[in-house]
Amino acid sequence: MGYATINSNGTLGASWINPNNAVPASILYSTSVEYNGYIYDIGGLNGSTYLSSVYYSQINSQGVPGVWATATNALPVGLDFATSVVYNGYIYEIGGSTSSTATSSAVYYSQIGAGGAPGAWATSTNPLPQTIDNSNA
């Protein structure tokens, strides 16, 4: 994971910085969100395995992610190509693919704890009206 400085006019700085704090696994098609000084990397694909893992890291005052932690509470299912959003202290993981042939309409959510760790994930009783993933969202 790399980052660049955001200039006062909204453009990105001239060079990307690659800290030595890599996410603990090789992941494709995960989603990422930021909340309250922490960055989260959720789900994704490793080879042919759909991941339920959630990684998080505190961002320091220079904008650099710290050491990544693996959340104790993983998603209920492995997902890639989902959409993640944060609202009012909760992370939402929406839709995505659970296999190469199955997309999801599920909405999962987790309350973020004071130390940045996501709590237990719950499944909303109000799923999306149709299945979606990145290719048709």
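Predicted model: local features only at pLDDT ≥ 70, side-chain atom pairs only at ≥ 80, totals over all residues.

**Entry 1: strand 11 and its partners.** I began with strand 11 and strand 12 (residues 122-123), which run antiparallel and are joined by two bridges. Residues are numbered from 1 along each chain as its sequence is written, and side-chain values use heavy atoms, with hydrogens and water left out.

Which residue of strand 12 stands opposite Tyr-109? I found Ala-122 there. I then turned to strand 8 (residues 90-94), which pairs with strand 11 (residues 107-111) in the antiparallel sense over five bridges. In that pairing, Tyr-90 stands opposite Gln-111.

**Entry 2: a closer look at Tyr-109.** Tyr-109 lies in strand 11. Is Tyr-109 partly exposed or buried? Its relative accessibility is 30%, so I wrote down partly exposed. My cut-offs were under 20% relative accessible area for buried, over 50% for exposed and partly exposed in between, with a 1.4 Å probe and protein chains only.

Next I listed the contacts of Tyr-109, leaving aside neighbours within four places in sequence. With contact taken as heavy atoms within 4.5 Å, Tyr-109 touches Tyr-90, Ile-91 and Tyr-92, and also Ala-120, Trp-121, Ala-122, Thr-123 and Ser-124. I checked Ser-124 separately: it is 15 residues from Tyr-109 in sequence, and the C-alpha to C-alpha distance is 7.3 Å.

**Entry 3: aromatic pairs.** I describe a pair of aromatic rings by the distance of the centres and the angle of the planes. Rings of Phe, Tyr and Trp (its six-membered ring) pair if their centres lie within 6.5 Å; planes under 30 degrees apart count as stacked, over 60 as edge-to-face and the rest as tilted. How many aromatic pairs does this rule give? I counted six.

Tyr-40 and Tyr-56 form a stacked pair, because their ring centres are 6.1 Å apart and their planes meet at 20°. This pair links distant parts of the chain, with Tyr-40 in strand 2 (residues 38-42) and Tyr-56 in strand 5 (residues 54-58), 16 residues apart. Both tyrosines, Tyr-40 and Tyr-56, are buried.

Tyr-90 and Tyr-109 make a tilted pair, because their centres are 6.4 Å apart and their planes are at 55°. This pair also links distant parts of the chain: Tyr-90 is in strand 8 and Tyr-109 in strand 11, 19 residues apart. Tyr-90 has 27% relative accessibility, so I noted it as partly exposed. I also found a cluster in which ring pairs link Tyr-38, Tyr-40 and Tyr-56.

**Entry 4: the sheet around strand 2.** I traced an open sheet of four strands in the order 1-2-5-6, with antiparallel pairing. Its edges are strand 1 (31-35) and strand 6 (69-70), each of which pairs on one side only.

Going across, strand 1 and strand 2 run antiparallel with five bridges, and Glu-34 stands opposite Ile-39. Strand 2 and strand 5 are also antiparallel and joined by five bridges; here Ile-42 has Val-54 as its bridge partner. Strand 5 and strand 6 run antiparallel over two bridges, with Tyr-55 opposite Thr-70.

How many residues of strand 2 are buried? I got five of its five. In a regular strand the side chains alternate between the two faces of the sheet.

**Entry 5: positive phi values.** Asn-36 lies in the loop between strand 1 and strand 2, a hairpin with two residues between the strands. Its phi is near 50°, a positive value in a residue other than glycine. Asn-36 is exposed, because its relative accessible area is 60%.

Tyr-29, in the segment before strand 1, has a positive phi near 60°. With a relative accessible area of 41%, Tyr-29 is partly exposed.

Methods
Pairing = 2+ DSSP bridges.
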